[in-house]
Amino acid sequence: MHFKKLEFNDIPKVADTLYQYAPNTANDYTVTGLFLWRDLLNAYVAYEEEGIYIYQVVDGWHLFYPPLCGDVAAGIRKITDYCTAHALPYGFYPLTEENMDWIVKAGLPFTVEESEDYNDYLYLKQDLMQFRGRRYHTQKNHLNKFNQTYEDYTFSRITDANIGEV
C-alpha cells in the first residue's frame with residue numbers, strides 16, 4: 001500500500017467511496033469532517049484496487065478507519081500486515097459496537113478504548129433543514145442573524161479556480 005497526505009484534489013474520489021461504504025454517520029465519515037481535520041490529524045490515504053484506506057496519526061498511533069471496500073475483514077487484515085511490516089503502532093478508529101464484528105471476522109485480538117475527547121454530536125439532515133422545536137432554537141437564531149447580516153450572500157462550490165478565495 002502506498003499512502004499519501006490527504007489533499008483537496010482527493011475529495012471527489014474519497015467522497016464517492018465514503019458514500020458507498022461508510023459504516024456509520026459519524027463526522028469522521030463525512031467529506032467535510034475528514035477534510036476539515038486532515039491537517040491537524042495528519043490524515044493519509046491509499047487507493048487500492050479493492051477500495052480506499054485512510055488513517056490519521058494521533059499521539060504517535062496510526063489510527064485507521066475501517067477500510068472503505070467490499071470485504072472489510074480482508075481490508076483489516078491487509079492493514080494489519082502493512083503495520084506489522086512497517087513496525088507501526090496502529091489501531092482502528094472510529095468504531096461503533098456494530099463495527100467490532102469486522103475485527104472479530106478478521107481474526108484479530110483486540111482491546112477497546114473509548115475516548116470522550118473524540119465523541120461526536122450528530123444532527124439528522126432533516127432536523128437541520130427545518131430547525132423544529134426548542135432543541136434547535138439557538139441554531140435557528142444563528143441562521144436568522146446570518147440571513148439578516150449577509151442578505152446578498154451566494155453559495156458556490158469550492159473548485160481549483162476559487163480555492164484561493166476560500
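Before you colour anything, a word on terms: helices and strands here are DSSP runs, at least four residues (H or I) for a helix and at least two (E) for a strand, numbered from the N terminus. By that count, this predicted model has six helices and six strands. Colour by secondary structure and follow the chain along its sequence: the pattern is β-α-α-β-β-β-β-α-β-α-α-α.

Of the 166 residues in the chain, 34% are buried. Among contacts with a separation of 6 or more, 56% join residues 24 or more positions apart.

Next, go inside. Select F3, F64, I76, I79, F92, I103 and L108: in the largest nonpolar core, which has 17 residues, these touch the most other members. Then highlight β3 (51-58), α3 (72-85) and α4 (100-105), the elements that give two or more residues to this core. The largest share, six residues, comes from α3.

Which residues does F64 contact beyond its neighbours within four places in sequence? Show its surroundings and you'll find F3, I54, Y55, I79, Y82, C83, Y90, G91, F92 and Y93.

For a second stop, pick L6, L18, Y29 and I54, which are among the 14 residues of a separate core.

The accessible area comes to about 11700 Å², with 52% belonging to carbon and sulfur atoms. Colour by charge too: there are 14 positive and 24 negative charges, and their mean positions lie 8 Å apart.

Definitions and conventions
Residues numbered from 1 in each chain as written. Predicted model: local features only at pLDDT ≥ 70, side-chain atom pairs only at ≥ 80, totals over all residues. Heavy atoms only, no water. Core = buried A, V, L, I, M, F, W, Y, C linked by side-chain atoms within 4.5 Å. Buried < 20%, exposed > 50% of the residue type's maximum accessible area, 1.4 Å probe, protein only. Contact = heavy atoms within 4.5 Å. Areas by Shrake-Rupley, 256 points an atom, 1.4 Å probe, with all protein chains shown as cover. Lys, Arg positive; Asp, Glu negative; His and termini not counted. Charge placed at Lys NZ, Arg CZ, Asp CG, Glu CD.
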